[in-house]
Amino acid sequence: MFSNLIKFFSRITIKIILLYSFTLLTSLLISFFMVYSFFEIYLENKTKDDLIEKAKAYKILYKQEGLSGLKNQIIKEAEIIKNVEIFFKIYDKKGEIILNTNTGIHTKNLVINLENYGKLNPDTYILTTVDYFDIIIYKLSNKHILVIGKSKLDNNKLLNRLTEIFYKAGTIVFLLSLVGGILITTSITKKIKNISNTAKDIATSMKLDRRVPITGTKDELNDLALLINDLLDRIEQLVKTLKETTESIAHDLKTPIARIRSSTENLLIKNNLSTECSNLLVYIIEETNSLNQMIEDLLTLSKLESGTFVLQKEKINLSNIVKKLYNLFKDYALTKSITLKLNITDEIYINGNEKYISRAIANLIDNAIKFNKENGEVVIYLYEDQENVILKIEDTGIGIPEDKLDKIFEKFYRVDESRGVYSGSGLGLSLVKAILQQHDASIELFSKENLGTTIVITFPKITNL
Ligand SMILES: Nc1ncnc2c1ncn2[C@@H]1O[C@H](COP(=O)(O)OP(=O)(O)OP(=O)(O)O)[C@@H](O)[C@H]1O
Ligand SMILES: [Mg+2]
């Protein structure tokens, strides 16, 4: 679960989307705070300017029409702007209120302390804030002070509206950009995935004719795809040339070997040969046989590994194949004082090629007998579980040193001790691997030096036959 989560977050698409969302969100928030602060300062300054302008206009009226003229004007205005959060107060020099408008609007408990303002010179003012009111205290004359207050509520309403608009517009912009970002990122990662899928396909199944799909978008990824395809063309060509060279060398070798063999056979049937000479000729014939076998193996391997050859497969009875091989090897094993045992379930089928599968299993049984000890044992198991068919070959032989285990499937590789002592070219297991690959089967090898080796082959069960 936790590792799945790590895998999910390490995907390049998720990383880009997360980074993209984070950057987008941060930019949106920064822009919002900048706009918000600008408006807040702007509205605050505007309120102050309005208050100053209004107070100055009243001062002119006060000068022209005296206190009663100003009072009438203020009362009239207060009547009109009843619903606006604004109030006017006029104080006399003792601090007593002479006029008080809009007393109902949140100003009931508003206490304006005029003590400090008594010292103000006439025609000067002070701007201040009391509770949530912006206030101007304007000294009209030595006798009267005018106070105008405007609630911050209107400004706050505007700012709240701005926040609301930002949330809505911001969410839409964020979602749209996110969808755009996801679309772009997925299209990029899809192209990368195409490249990696092709590489994976070639690596696992040797399908050298596979190519990265070209979208023709003329971007860097398209260039990369073209470059990889170009490289694949060259690799395919190289493998083809290598295969052709191997095949032609192998074919060229076959004819002289056949000639050596037939000449040796002709010599052998002459009856005036010494025993030593006859033995030598028999040895030469045996060696030509193994050379021929090696050439055959090389040709088959080159065909199987070419990436273009596909084995013809059908439903085959693996139990019967194993039984046939058991009968073939049983007596040969006895000549080497080795007991070959069979432990199989009947009627087990796989989707395969009988000729090649027989060849692979024969090599494994041959190895198990060849690399065994005197009075040793080889057991062949065949069974199936819910998903797979399992073939196991267990021997009590010389085993394979741990440090050689990973080299065992390489072409021509033979563990040092096998050289000279045991016959063989070291191509058997490479062939087994190539054949099993064509059957989507896996092979595992467990071995302990001097104790024995166990080979486990897992075939997929037939599903649609
Ligand atoms: N069952 C086994 N027990 C011990 N060693 C083994 C066993 N199977 C394989 N090996 C080691 O792995 C090497 C490679 O095996 P592989 O079958 O490829 O070649 P080979 O048997 O020597 O020759 P070929 O199969 O071509 O006749 C062998 O030479 C041997 O050293
Ligand atoms: Mg072998």
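**Exercise 1. Find how strand β1 (residues 86-91) and β2 pair, and over how many bridges.**

Step 1. β1 (residues 86-91) and β2 pair in the antiparallel sense over 3 bridges. Strands are DSSP runs (E, at least two residues) and helices are DSSP runs (H or I, at least four residues), numbered from the N terminus. Two strands pair if DSSP finds at least two bridges between them.

Step 2. Take Ile90: its bridge partner in β2 is Leu99.

A note on the model: it is predicted, so local features need pLDDT of at least 70 and side-chain atom pairs pLDDT 80 or more, while totals for chains, interfaces and linings use all residues. Residues are numbered from 1 along each chain as its sequence is written, and chains are lettered from A and ligands numbered from 1 in the order in which they are written.

**Exercise 2. Give the strand order of the open sheet, and explain why one side of β2 and of β3 has no neighbour.**

Step 1. The order of the 5 strands is β2-β1-β5-β4-β3, with antiparallel pairing.

Step 2. β2 (97-100) and β3 (125-130) stand at the edges. Each has a single partner strand, so one side of each lacks a neighbour in the sheet.

Step 3. On average, neighbouring strands are turned by 20° against each other, direction ignored.

**Exercise 3. Describe helix α2 (residues 12-80) and its packing on the sheet.**

Step 1. List the strands. α2 touches β1, β2, β3, β4 (133-139) and β5 (145-151). Contact means that C-beta atoms, placed from the backbone, lie within 7 Å.

Step 2. Find the angle. The direction of α2 makes about 50° with that of β4. Axes are lines fitted to C-alpha atoms, for helices over the stretch in contact, and angles run from 0 to 180 degrees between N-to-C directions.

Step 3. Check the span. α2 has 69 residues, yet its end C-alpha atoms are only 65 Å apart; a straight helix would reach 102 Å. That expected span is 1.5 Å times one less than the number of residues.

Step 4. Look for a bend. α2 bends by about 125° at Glu65. The bend is the angle between axes fitted to the seven residues ending there and the seven starting there.

Step 5. Name the buried residues. They are Leu51, Ala55, Tyr58, Tyr62, Leu70 and Ile74. Buried means 20 or more other C-beta atoms within 10 Å of the residue's own; exposed means 12 or fewer, and partly exposed lies in between.

**Exercise 4. Classify Ile284 as buried, partly exposed or exposed.**

Step 1. Locate Ile284: helix α5 (residues 275-304).

Step 2. Ile284 has 17 other C-beta atoms within 10 Å, so this residue is partly exposed.

Key. Contact = placed C-beta atoms within 7 Å.
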